[in-house]
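Q: I would like to learn how to read features in a protein structure. Can we work through some cases one at a time?

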Amino acid sequence: MSGKQQPKILLKSRPTDDSTAGPSTATPRRTPTILANAAPQIASSSKSADPRHGAATSKSHPVPTAPDPYSYTPMDGSLVLLKNHNAINYRTLDFLHETNQDYVVIGTIGMPGVGKSTVLNLLNRNLYAPEQSDNKAECIFPVHSAINIAGDNEVRMHITEDRLILLDCCEPVFGHARKDFIQHEQDELKKLMILLRVCHVIFVVQEEYYNIRLMRMLMWAEMMTQVHSNLPTKLVFIRNKVIPHSENHDSRERMINLYRQMFRNAPSFSVTSTSYGGDTGMQQEEMFNYIEFPVLEKVCDTVVITEHLKETILLLRQMVYTGRTTIMGQNCSEKAWGQALVKLVDCPESNFFVDKYEKLKEKYNLHNHVKIVEYSSRDSTGLHFVE
């Protein structure tokens, strides 16, 4: 018996075994303790992960809310809208409201140094609480002390609290000194055509009663504009820097009659506004859009608001605000206006007159017809002369 081999007893593991049972010698089995410990960890992790997941979902997918029509992003100063030959600064368009339609776009044209920026600054001036105004709000557009012949080649924009979109052409439109007169004249026409398309009101600022070159370019731009809006562009003629002894009632009436005759057959322009006269303010009168601004009085670089200047600014505001209800009825939103400006500048429409102008310029080499000589060896005085 002792020499015989003892039989081996093999125990087969059962799924109902306890955790106290030892592992079999055949294959190691996974104890339920590990499974029991793993289950609560998964459950606890899933419970703790649910709130974070829900929070992440709510952050990544916010509930869309309608924009507040009375909430605007204020502008402290003016920003560049167009620069470097009509290149758009898209960050400036972020100040345009999503849904607001109660706004008026105002542009300025004129010779260099006539006071276009000064007129826009006065339009935004606080006349009723001057002690609460600051110099930063009074000079939203930079005013140059000297005429910049080269020009900044930009259009600056500022939006007032009552949603007046002011556009100041800093580039000396109709400048005197250019190396290529033909090309520069074409650029002037294109810029004027853009202003006629996007502005409700245009200030025609002059130092004299009548500037024939300015009026000629304005009429040409209106003629070359192939698409006209149902609402005509309002022109406001401003004679700036008027000294007291130069005011002449007869000369003023003659110039107003001349303007009436010039723009009588131009349906895309409006040169009159409706004013309310009388004691009750119910009587309607047609008023020609012509204003004379006096020479400004300054104390420590601050403009002194006299009674005459205050009445002139209030009259200008009356011309601007007249018909605002009609403008709002035909307006799109401010964002849509900005998108239309981008499309107009980046993807200009094919214009028959501009294309014809380009072909004639290439055919007859018009851009080399006039040359300006800048060699000091040929000009001892250092001045430019024309060949």
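Q: Is His 97 buried or exposed?
A: This is a predicted model, and the values here are computed from it. Burial is judged by relative accessible area, and under 20% counts as buried. His 97 has a relative accessible area of 7%, so His 97 is buried.

Q: Where does His 97 lie, and which backbone nitrogen does its side chain reach at 3.1 Å?
A: His 97 belongs to the loop between β2 (87-88) and β3 (104-110). Its side chain reaches the backbone nitrogen of Thr 99 at 3.1 Å. A polar atom of the His 97 side chain also lies 3.1 Å from the backbone nitrogen of Asn 100.

Q: Which residues have a positive phi without being glycine?
A: Arg 163 is one of them, with a phi of about 60°. Its place is the loop between β4 (154-159) and β5 (164-169). Arg 163 has 5% relative accessibility and therefore counts as buried. Lys 241 is another residue other than glycine with a positive phi, near 60°. Lys 241 is placed in strand β7 and is partly exposed, with a relative accessible area of 41%.

Q: How many helices and strands does the protein chain have, and what percentage of its residues is buried?
A: There are 10 helices and 15 strands in the protein chain. Of its 387 residues, 37% are buried. The chain exposes about 24,100 Å², and 55% of that is supplied by carbon and sulfur atoms.

Q: How many residues are in the largest nonpolar core?
A: The largest one here has 49 residues. Ile 165, Leu 167, Val 204, Leu 235, Phe 237 and Phe 263 have the most contacts inside it. Helix α4 (residues 181-198) provides the largest share of this core, 7 residues. A second, separate core has 28 residues, including Phe 141, Ile 238, Ile 313 and Val 320.

Q: Which residues are in contact with Leu 235, leaving aside its neighbours within four places in sequence?
A: With those neighbours left aside, the contacts of Leu 235 include Ile 202, Val 204, Leu 218 and Phe 263. Phe 269, Ser 270, Val 271 and Asn 289 are also in contact with Leu 235.

Q: How is a pair of aromatic rings described?
A: The description uses the distance of the centres and the angle of the planes. The count for this structure comes to 6 aromatic pairs. In one of them, Phe 237 and Phe 288 are stacked, at 5.9 Å centre to centre with 0° between the planes. Phe 237 is in strand β7 (residues 233-242) and Phe 288 is in strand β10 (residues 283-288), so this pair ties together parts that are 51 residues apart in sequence. Both Phe 237 and Phe 288 are buried.

Q: What kind of aromatic pair do Phe 263 and Phe 269 form?
A: Phe 263 and Phe 269 form an edge-to-face pair, with 5.6 Å centre to centre and 75° between the planes. Phe 263 is buried, with a relative accessible area of 4%, and Phe 269 counts as buried at 7% relative accessibility. One aromatic cluster is formed by Tyr 210, Phe 237, Tyr 259, Phe 263, Phe 269 and Phe 288.

Q: Which ring does the charged end of Arg 239 sit over?
A: The charged end of Arg 239 sits over the ring of Tyr 209, 4.0 Å from the centre of that ring.

Q: What percentage of the contacts between residues at least 6 apart in sequence join residues at least 24 apart?
A: Among such contacts in the protein chain, 73% join residues at least 24 apart. Take Leu 314, found in helix α7 (residues 307-321). Leaving aside its neighbours within four places in sequence, Leu 314 is in contact with Leu 127 and Tyr 128. Leu 314 counts as partly exposed, at 31% relative accessibility.

Q: Where does Ser 350 lie, and is Ser 350 buried or exposed?
A: Ser 350 lies in the loop between α9 (334-346) and α10 (352-364). At 58% relative accessibility, Ser 350 counts as exposed. Apart from neighbours within four places in sequence, Ser 350 is in contact with Gln 226 and Asp 355. The C-alpha atoms of Ser 350 and Gln 226 are separated by 9.6 Å, and these residues are 124 residues apart along the chain.

Technical notes: Residues are numbered from 1 along each chain as its sequence is written. This is a predicted model: local features need pLDDT of at least 70, side-chain atom pairs count only at pLDDT 80 or more; totals for chains, interfaces and linings use all residues. Side-chain values use heavy atoms; hydrogens and water are left out. A nonpolar core is a set of buried Ala, Val, Leu, Ile, Met, Phe, Trp, Tyr and Cys residues joined through side-chain atoms within 4.5 Å. Buried means under 20% relative accessible area, exposed over 50%, partly exposed in between (1.4 Å probe, protein chains only). Helices (H or I, at least four residues) and strands (E, at least two) are DSSP runs, numbered from the N terminus. Contact means heavy atoms within 4.5 Å. Accessible areas come from the Shrake-Rupley method with a 1.4 Å probe; for residues, only the protein chains shown count as cover. Rings of Phe, Tyr and Trp (its six-membered ring) pair if their centres lie within 6.5 Å; planes under 30 degrees apart count as stacked, over 60 as edge-to-face and the rest as tilted. A charge sits over a ring if NZ of Lys or CZ of Arg is within 6 Å of the ring centre and within 35 degrees of the ring normal. A polar contact is a pair of N or O atoms within 3.5 Å; within protein, one must be able to donate a hydrogen and the other to accept it, and residues adjacent in sequence count only if both atoms are side-chain atoms.
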